[in-house]
Amino acid sequence: MAKIISLVKLLFFIDNFKKLGRKIVFVTGCFDLLHPAHKLFLQKAKAKGDILAVGLEVDQRVKTMKGIDRPINLWPVRAANLARLKAVDFVFSLPSDINRPQAQSKLLAKLKPDVLAVSSHTYHLEKKRALVEKFGGRLKNVMEYDLQFSTSKLLSVRRKANKG
């Protein structure tokens with residue numbers, strides 16, 4: 001079974017997994033340069049349930065959030081890197097307007113994850129908690145933020161080294 005799928009196919013699989021009593025964990029992110037903290041986060045998220053679905057930000061959203069020189073890796077490469085990980089069951093493209101509360105609500109209403117896994121540096125934790133709970137899920141902080149492994153920090157160090 002392919003891991004990189006459309007949202008429509010993911011919803012079909014999730015419906016079947018839920019009928020079997022499987023617990024669905026959902027995470028989102030850019031995952032631009034896949035580093036050890038990303039991998040650990042995904043492993044810890046997967047440990048909270050049976051199926052881990054990763055909503056991957058589209059390239060334009062990454063550029064908006066992280067800057068003009070990002071993403072380093074385009075969506076297909078980032079998705080393939082995630083799909084290679086044992087912890088990840090499915091990767092799908094987040095809607096391009098996922099920053100809008102209506103889009104977030106619409107997506108969570110469809111997915112109805114049992115767990116929305118986040119790390120300690122996730123923005124708007126209480127809003128996200130309220131939203132996922134509205135659809136029967138729980139928000140779980142599965143990992144403390146480690147600045148040493150921030151993609152932005154790693155790129156900054158690389159730029160400084162190249163200038164020196």
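Before we start, one term: a polar contact is a pair of N or O atoms within 3.5 Å, and within protein one of them must be able to donate a hydrogen and the other to accept it. With that cut-off in hand, take Asp32: its side chain reaches the backbone nitrogen of Ile72 at 2.8 Å. Keep in mind that this is a predicted model. Here's the rest of the tour, starting with the sheet.

**The sheet**
- Five strands make up an open sheet, in the order β3-β2-β1-β4-β5, and the pairing is parallel.
- On the edges sit β3 (90-93) and β5 (138-143), each of which pairs on one side only.
- Ignoring direction, neighbouring strands of this sheet are turned by 30 degrees against each other on average.
- Over at β4 (residues 115-119), five bridges link the strand to β5 in the parallel sense, with Val115 partnered by Arg138 in β5.

**A closer look at β2**
- How many residues of β2 are buried? Six of the six are, so the strand is largely enclosed by the rest of the structure.
- In a regular strand, side chains alternate between the two faces of the sheet.
- You can follow that in β2: Ile51, Ala53 and Gly55 point one way, while Leu52, Val54 and Leu56 point the other way.

**Helices around the sheet**
- Helix α4 (residues 75-83) packs on the sheet, where it touches β2 (51-56) and β3. The direction of α4 makes about 160 degrees with that of β3.
- β1, α2 and β2 form a β-α-β unit, and it's right-handed.
- Another right-handed crossover takes the chain from β4 through helix α6 (residues 125-134) to β5.
- In α5, the buried residues are Ala103, Ser105, Leu107, Leu108 and Leu111. They pack against α1, β1, β3 and α6.
- Just past the end of α5, Lys112 has a positive phi of about 45 degrees.

**The nonpolar cores**
- The largest nonpolar core holds 21 residues. Which of them have the most contacts inside it? They are Leu10, Phe26, Phe92, Leu107 and Leu111.
- At least two residues of this core come from each of α1 (7-19), β1 (24-29), β2, β3, α5 (101-111), β4 and α6.

- Where is Asp32 found? In the loop between β1 and α2 (36-46).
- Is Asp32 buried or exposed? The cut-off for buried is under 20% relative accessible area, and Asp32 counts as buried because its relative accessibility is 1%.
- Besides reaching the backbone nitrogen of Ile72, the side chain of Asp32 makes a polar contact with the side chain of Arg70, at 2.7 Å.

Notes
Residues numbered from 1 in each chain as written. Predicted model: local features only at pLDDT ≥ 70, side-chain atom pairs only at ≥ 80, totals over all residues. Heavy atoms only, no water. Pairing = 2+ DSSP bridges. Helix = DSSP H or I, 4+ residues; strand = E, 2+ residues; numbered from the N terminus. Axes fitted to C-alpha atoms, helices over the stretch in contact; angles between N-to-C directions. Contact = heavy atoms within 4.5 Å. Right-handed = clockwise from strand over helix to strand, strands pointing away. Core = buried A, V, L, I, M, F, W, Y, C linked by side-chain atoms within 4.5 Å. Buried < 20%, exposed > 50% of the residue type's maximum accessible area, 1.4 Å probe, protein only.
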